[in-house]
Amino acid sequence: MTISTLIHVERKLHLDALRSQPEFAAFQGVPVDLPETAYERPALLGFFLRHEMEASWLRRHGVAAGVAELAAARVSAQFIAAEAEALSQADRAALPAWVPVMAAEVSPAAAVIAQHFAADGAHIALVRSVWGLLGTAEALMETGGDIRLARDPLSALNGYGCSHRPRPWAVTFASSTASSSSERGYIAADRARLRNTRALLKGTERRSAVRHAIDEVRRGISGAFGLDAGTRIVFAASGTDTELLALALAHLADDRPVLNILIAPEETGRGVPMAARGLHFAVDTALGHDVTFQAPIAGFRDDTELANIALRGPTGALRPGAEVGADIAAAMAQGIAAGRRVILHGLDLSKTGLLAPRPAFLAELRATYGQGFDIVLDACQARLSPASIRRYLALDAVVLITGSKFFTGPPFAGAALLPETVAARLRQALLPDGLDAYFGRDEFPADCPAAAHLPPVGNYGLALRWQAALAEIRALLRVPGARRVEILRGFGQTARAAIARYEALTLLEVPGVTRFEGAEDWELLPSIFTFSLRAPHEPRCLTPAEARSVYLWLNTDLSALLPQAGALAARICHIGQPVPLAQPGGEGVQGALRVSAGARLISGEPSHRGLRAQARLNQEFSDLALVFAKIDLILRHWTLLVEANPAPRYRPAPPVAQKQEERLLFVNKK
């Protein structure tokens, strides 16, 4: 074999390997013809491939060639910008001069674009008019959320330690908090992006295109959960945003002041108590507004009261269910007697897997008080069946869900499911004015005059994140119930055995959940396992700050600091963020960590598709045990790691020898 033939074969192999990655999967069947210069720098081959495939796909689907070229430049510029930290100085210098121009968040002036492209003025104007809706799927999915969704340019991870790009090398049991996109989810979002991009570039008005994207997701959720025609779906960037909506809906019911009864708010979201009073719960919003933390939101009443019902006592021990129920009933009775509109929150489930109150108890309260109060069911963990969701809706409960917890879609994918009796309120009066910082008009169904004064926009990034989540939901629902039970039982057995193996770890048991009569067997099984970590050399558990360090170091390649630990130190493990709970004995606060089973564990992690079903599960359970082995490693080298304080990255850096080998494969035959 000649050197020329060898180089050709190696290039083809590398090109085929790139095309098999999820970033290129939506372009199946699209022919490419890359110039010779594209192969001169291996690190830039993906950039040139992305540009050619994007432009070719758009042309094949009726987009004018000049417009397709500009849109492809925008996408490929964002694609390589996400890899900027991994590029050498020479690689960066070899990029076309238009890359920073086309990667810009705000559209450059037409004259600036014209300096780099021999494009028709009308084509440039069209691309500039939809600039914010063009880009890679991962860049677009980063929009329409608050600061926690932003990608750190150094780590390439967001505030949850995950990525909108697939990260299959990471061991992931983080569905109680947030997960990186799977290949399945990413490809679904990218295909939706391409459909919408084609429509935009063929002249569809931008608001119509975004509204169509949102309505497509609305139909998808309704179909997946079997919702009836009267149920309405309102989208929100996060579960906490839906809390604002729930309060606003109570304001639409009547003019009474509100009593908002929260169940264990410390085990839901930190912003929930603020949103439940109509206060800003962050410093920015999903629509990009800067706001004052804890300041009142315009239009919400300032006399809303909270009643917090604890599920744990001062020592962290769980309170008896009858005691919790008595507290809820007393708060309800007092609120109604005081002339308040009561919102009772149900929790299914909490961050540590608790359910309260029982669905039967909610049904008893509804029978007692009728429509004189609201039920808001926090099902943001989404560890329940579509049938259970429908039964909550039948109690006239507003059901809050996300696609980003159990379903393992990207973070910041929230929705409120409104039963017909509550949805009717959106056909009267107006929602509070301050919601215009959080919601666009198009996150609401068309028949909602109460939202008419909101900005005439829709959250496109949110729609794409939900497309990724819907792909996971559909895959989950295809798995028979008996198989779901088998997998979740195996997960629980593995987690319990692994925790028991290490003296520094203690499983924090929770009672079994009590659901509606006739619930599916799998939704009765625990899927979140919370554990405490004993501090090295001290008779206490790790504090929340210390536990967060463990959480971050698990998500970090530690091989440079702990070379003697070999592959274990190098493995990247992403689990649930720490939950603040009482220290044993009740003095002080500990940070408890969590591992959790997600829908992907049941339906099959796409990166394991080459394995048979049992071999795949064996791999997953082996990875779960590895998480605890790495925690043990971290605790045994605590002082060293505290001093070094390493930070997570999107991917581990390849060994120097591997980089040299990759470059040798692409030696130019000249």
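Helices (H or I, at least four residues) and strands (E, at least two) are DSSP runs, numbered from the N terminus. The structure treated here is a predicted model, in which local features need pLDDT of at least 70 and side-chain atom pairs count only at pLDDT 80 or more, while totals for chains, interfaces and linings use all residues. Residues are numbered from 1 along each chain as its sequence is written, and side-chain values use heavy atoms, with hydrogens and water left out.

**Exercise 1.** Determine which strand gives the most to the lining of the largest cavity.

*Solution.* 
Step 1. On a 1 Å grid over the protein atoms alone, a cavity is a set of points where a 1.4 Å probe fits but cannot get out, and lining residues have an atom within 4 Å of a point.
Step 2. The structure holds 5 cavities of 30 Å³ or more, and the volume of the largest is about 60 Å³. A volume is the space filled by probe spheres set on the points, which are joined across faces, edges and corners.
Step 3. Among the residues lining the largest cavity are Glu243, Leu262, His345 and Asp378.
Step 4. At least two lining residues come from each of strand 3 (258-263) and strand 5 (341-348). Strand 5 gives the most, with 3 residues.

**Exercise 2.** Describe where Gln583 is found and what surrounds its side chain.

*Solution.* 
Step 1. Gln583 is found in the loop between strand 12 (573-582) and strand 13 (589-596).
Step 2. Gln583 counts as buried, because its relative accessibility is 7%.
Step 3. A polar atom of the Gln583 side chain lies 2.9 Å from the backbone oxygen of Cys541. The backbone oxygen of Val589 lies 3.3 Å from a polar atom of that side chain.
Step 4. Leaving aside neighbours within four places in sequence, Gln583 is in contact (heavy atoms within 4.5 Å) with residues including Thr315, Arg540 and Leu542.

Note on methods. On a 1 Å grid over the protein atoms alone, a cavity is a set of points where a 1.4 Å probe fits but cannot get out, and a pocket is an open set with protein on both sides within 12 Å along at least five of seven lines; lining residues have an atom within 4 Å of a point. Buried means under 20% relative accessible area, exposed over 50%, partly exposed in between (1.4 Å probe, protein chains only). A polar contact is a pair of N or O atoms within 3.5 Å; within protein, one must be able to donate a hydrogen and the other to accept it, and residues adjacent in sequence count only if both atoms are side-chain atoms.
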